[in-house]
Amino acid sequence: MMLALSLGRRGWGNTWPNPAVGCVVVRDGVIVGRGWTAPSGRPHAEPRALAQAGDAARGATVYVTLEPCAHQGQTPPCAQALIDAGVARVVVATQDSDDRVSGRGIAMLRAAGITVDTGICEDQARDDHLGFFMRIAEGRPMVTLKLANSFDGRIAAATGESQWITQSPARAVVHGMRARHDAVMVGGGTARADDPTLTVRGMGDVPQPARVVVSRRLDIPMTGKLAQTAGDVPLILCHGAGAPDALVAAWRGIGAQLYPCKVQNGQLDMADVLQQLGSHGFTRVFSEGGSSIAASLLQADLVDHLVGFSAGVVIGAEGLPGIGAMGVTRLASAPRFDLVESRAVGPDVMHRWLRR
């Protein structure tokens, strides 16, 4: 099952709206088939693994990280594919929460005389499929918030200079993280200050995540790198109803997708922004700031994974803080996360936290 989980992670960032599932077929103690969800979500992991196994699948044990689907979509049900292949046993890490599947895939297998065991490595599987589950249950994608700060929590000097606080090894890790998410999200302030491309670089020919910019007035430069690449890599602009019609039309004209979102207290409502992204199928979003969007996400309890990179440089109080004002007056009301990893990345330190 651990191998199946590792295979499933190969699909992170390129299978949405479908989950990134892994599957391993074992016959007489030998792995005869492996598969994971293909880019764009099809074919699913099970038929890919069964195709590799061929006739050896008959009488085999299949390990799969999510309950096999039981409904006819754009592909036939995976539960039926397992039945047709003549497997003897299916080991499922966790049940699917989609109403079209939940329990039905397992019931189909058992009705066909196949032994089904569940709950193997379930906690890990639920974490791996968190974005898929959250989109079904809450209508929003899973959110990873990444912050790269100086030792004293600053993201830029008082002049706005920020390139580069962390060194190249940390930046390479960040590009890997981008590649494992469906979309990379920043606020309009970051888009204006840094003129980023938000693409995955230095990793060869890999699928690019969508770029999402949260800008209430759409006041981001149409001469910048995002505009120049809008026709090459998906660009989504989340804006308020008051954004000028001329800008809406101009951005649409160069290939950007426009998502109107609710405004709350003079800012875009991040809960509605995530609902909009969820309604379009996104399951995993990687937010890279800036400070206002980070504060809004944390204040609304919308951050599921928190990733920090800390550099051995001190900027001082006049520098720009990594997180904007959140109105926290008591420690008891401050968002808290549980540490799951801390390690050196070149000369910097990376620490990963999970939502409590």
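A residue counts as buried when its relative accessible area is under 20% and as exposed when that area is over 50%, with partly exposed residues in between. Leu198, at 3% relative accessibility, therefore counts as buried. The model described here is a predicted one, and the report moves from the whole chain to single residues.

**The chain as a whole**

The protein is built from twelve helices and 18 strands. Its radius of gyration is 22 Å, which agrees with the value near 21 Å that a compact globule of 356 residues would have. Taken along the principal axes, the box filled by the C-alpha atoms is roughly 65 × 45 × 40 Å. Among the 356 residues, 48% count as buried, while the protein exposes about 16,100 Å², of which carbon and sulfur atoms supply 50%. Of the contacts with a separation of 6 or more, 72% are made by residues 24 or more positions apart.

Val25 belongs to strand S1, which covers residues 22–27, and with 0% relative accessibility Val25 counts as buried. Beyond its neighbours within four places in sequence, Val25 is in contact with a set of residues that includes Val30, Ile31 and Val32, as well as Ala49, Leu50 and Val62. Gly319 lies 294 residues from Val25 along the chain, and the C-alpha atoms of the two are separated by 55 Å.

His239 is found in strand S10, which covers residues 235–239, and this histidine is buried as well, with a relative accessible area of 5%. Not counting residues up to four places away in sequence, His239 touches several residues, among them Ser215, Arg216 and Leu218, together with Tyr259, Pro260 and Cys261.

**Cysteines without disulfides**

The structure holds zero disulfides. Cys23 is in no disulfide, and the nearest cysteine sulfur, that of Cys78, is 8.5 Å away. Cys23 counts as buried at 0% relative accessibility, and Cys78 is buried with a relative accessible area of 2%. For Cys78 the closest cysteine sulfur is in Cys69, at 3.6 Å; because a disulfide requires sulfur atoms within 2.5 Å, this distance is too far for a bond.

**Backbone geometry in the loops**

Most residues other than glycine have a negative phi, and most peptide bonds are trans. The table gathers backbone angles that depart from this pattern.

| Residue or bond | Backbone angle |
|---|---|
| Trp16 to Pro17 (cis) | omega near 5 degrees |
| Arg42 to Pro43 (cis) | omega about -5 degrees |
| Leu198 | phi near 60 degrees |
| Asn265 | phi near 55 degrees |

Pro17 is placed in the loop between helix H1 (2–8) and S1, whereas Pro43 sits in the loop between strand S2 (30–36) and helix H2 (45–53). Leu198 is found in the loop between helix H8 (188–194) and strand S9 (210–214), and Asn265 is found in the loop between strand S12 (263–264) and strand S13 (267–268). Leu198, as said at the outset, is buried at 3% relative accessibility, whereas Asn265 is exposed, with a relative accessible area of 76%.

Methods
Residues numbered from 1 in each chain as written. Predicted model: local features only at pLDDT ≥ 70, side-chain atom pairs only at ≥ 80, totals over all residues. Heavy atoms only, no water. Helix = DSSP H or I, 4+ residues; strand = E, 2+ residues; numbered from the N terminus. Rg over C-alpha atoms; globule rule 2.2 N^0.38 Å. Buried < 20%, exposed > 50% of the residue type's maximum accessible area, 1.4 Å probe, protein only. Contact = heavy atoms within 4.5 Å. Areas by Shrake-Rupley, 256 points an atom, 1.4 Å probe, with all protein chains shown as cover.
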